[in-house]
Amino acid sequence: MQKFSTWISAMRLRTLPLSISGIILASCLAHYNGLFEWPIFVLAILTTLSFQILSNLANDYGDGVKGTDNDDRIGPERAIQSGKITPDELLHAIKINVLICIALAFTLIFQAFGSQNFLLTLVFFVLGISSIVAAIRYTVGGRAYGYRGLGDIFVFLFFGLVSVIGCYVLYAKTIDHVVFLPAFSIGLLSTGVLNLNNMRDRISDGKSKKTTLAVKLGANKAKQYHFFLIISAIITSALFGILYYTAPLNLIYMVAYIPLIFHLKKVQKNVDPKLLDPELKKLALTTVLLAVLMGLGHIM
């Protein structure tokens, strides 16, 4: 039972809602345009969850074997760090998870496009493989991009553009301008979550030679960058509300601006990285809230 609990912890369940926020938003926009299909929605959710769990396991493995997860780290104890799961056990789990990701992605692509859209099938097959590689290469390997300050770019692309725009295309079989601003908003907020995580771990990451963008920027500039991400997300989401306004309920997602503003005030005043962990959870949940309300506001 204790081993099972350790595996659940390694999957980092608290990160899963954020990973599917873009899927929910894109699906609501597809519903608004009369394109929604339940099989695609369910498969998209399952595929995204499998990718996120793969990323979490791979991150634990990469940071664990490199020694980045150590006693200096502020966040929750990781599986290899705790000694409850060996690197070989985790690597075996990663291989199984890769097979699950491939099976789900293939099923999703076939459900969405069948045999009538060969070009889109090919594009999404490449995106699926790229997502698997990106999930693993964040911390695994000698040239892991998370150790070279590139994690922010990949989070923006995969949590924002690929998640929202890609999911919408699964329904519509084409790109629609309506999804661009929401994709940017969710991508910016998701990048903010990563940046806050890296701000929390900046000192221990620096000691372990994990050169995240927060390590490169330093404490003050990392805060300025964080403000840029959150404020830009507020602006792009507000523009979406203005440009695509049809009813007052469309703007219900703007209630999420309140916790975002309070969040920025706390980050601005913060001088202790340990106190950023609660803000990390709040920002992730606020991102999910904004995405869900932005979508529901157009279909209720």
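Predicted model: local features only at pLDDT ≥ 70, side-chain atom pairs only at ≥ 80, totals over all residues.
## A walk through the helix packing

The side chain of Ser 21 reaches the backbone oxygen of Leu 18 at 2.7 Å.

Ser 21 sits in helix α2. Its relative accessible area is 1%, so Ser 21 is buried. Leaving aside residues up to four places away in sequence, Ser 21 touches Ile 186, Val 288 and Ala 291.

Helix α2 covers residues 16-32, and helix α8 covers residues 180-200. The two pack at an angle of about 170°. Their axes lie 11 Å apart. α2 and α8 are therefore roughly antiparallel to each other, since an angle over 145 degrees counts as such. On the α2 side, the contact is made by Leu 18, Ser 21, Gly 22, Leu 25 and Leu 29. On the α8 side, Pro 182, Ile 186, Ser 190 and Val 193 take part. Leu 18 and Ser 21, the pair from the opening, both belong to this contact. By class, the contact of α2 with α8 has six nonpolar residues, three polar ones and no charged ones.

Now turn to a second pair. Helix α3 spans residues 38-66, and helix α7 spans residues 151-172. They pack at an angle of about 155°, with their axes 11 Å apart. That angle makes α3 roughly antiparallel to α7. The crossing of α3 and α7 is right-handed. From α3, the contact takes in Ile 40, Phe 41, Ala 44 and Gln 52. From α7 come Phe 159, Cys 167, Leu 170 and Tyr 171. Seven residues in the contact of α3 with α7 are nonpolar, one is polar and none is charged.

Most residues other than glycine have a negative phi. Arg 12 is not a glycine, yet its phi is positive, at about 55°. Arg 12 lies in the loop between α1 (2-10) and α2. Is Arg 12 buried or exposed? Its relative accessibility is 13%, so Arg 12 counts as buried; the cut-off for buried is under 20%.

Lys 209 also is not a glycine and has a positive phi, of about 65°. Its place is in the loop between α9 (202-207) and α10 (213-217). At 66% relative accessibility, Lys 209 counts as exposed, because exposed means over 50%.

How values were computed: Residues numbered from 1 in each chain as written. Heavy atoms only, no water. Axes fitted to C-alpha atoms, helices over the stretch in contact; angles between N-to-C directions. Helix = DSSP H or I, 4+ residues; strand = E, 2+ residues; numbered from the N terminus. Parallel < 35°, antiparallel > 145°, perpendicular 65-115°, else oblique. Left-handed = near helix turned anticlockwise from the far one by under 90°. Contact = heavy atoms within 4.5 Å. Nonpolar A, V, L, I, M, F, W, Y, C, P; charged D, E, K, R; others polar. Buried < 20%, exposed > 50% of the residue type's maximum accessible area, 1.4 Å probe, protein only. Polar contact = N/O pair within 3.5 Å; in protein donor to acceptor, adjacent residues only side chain to side chain.
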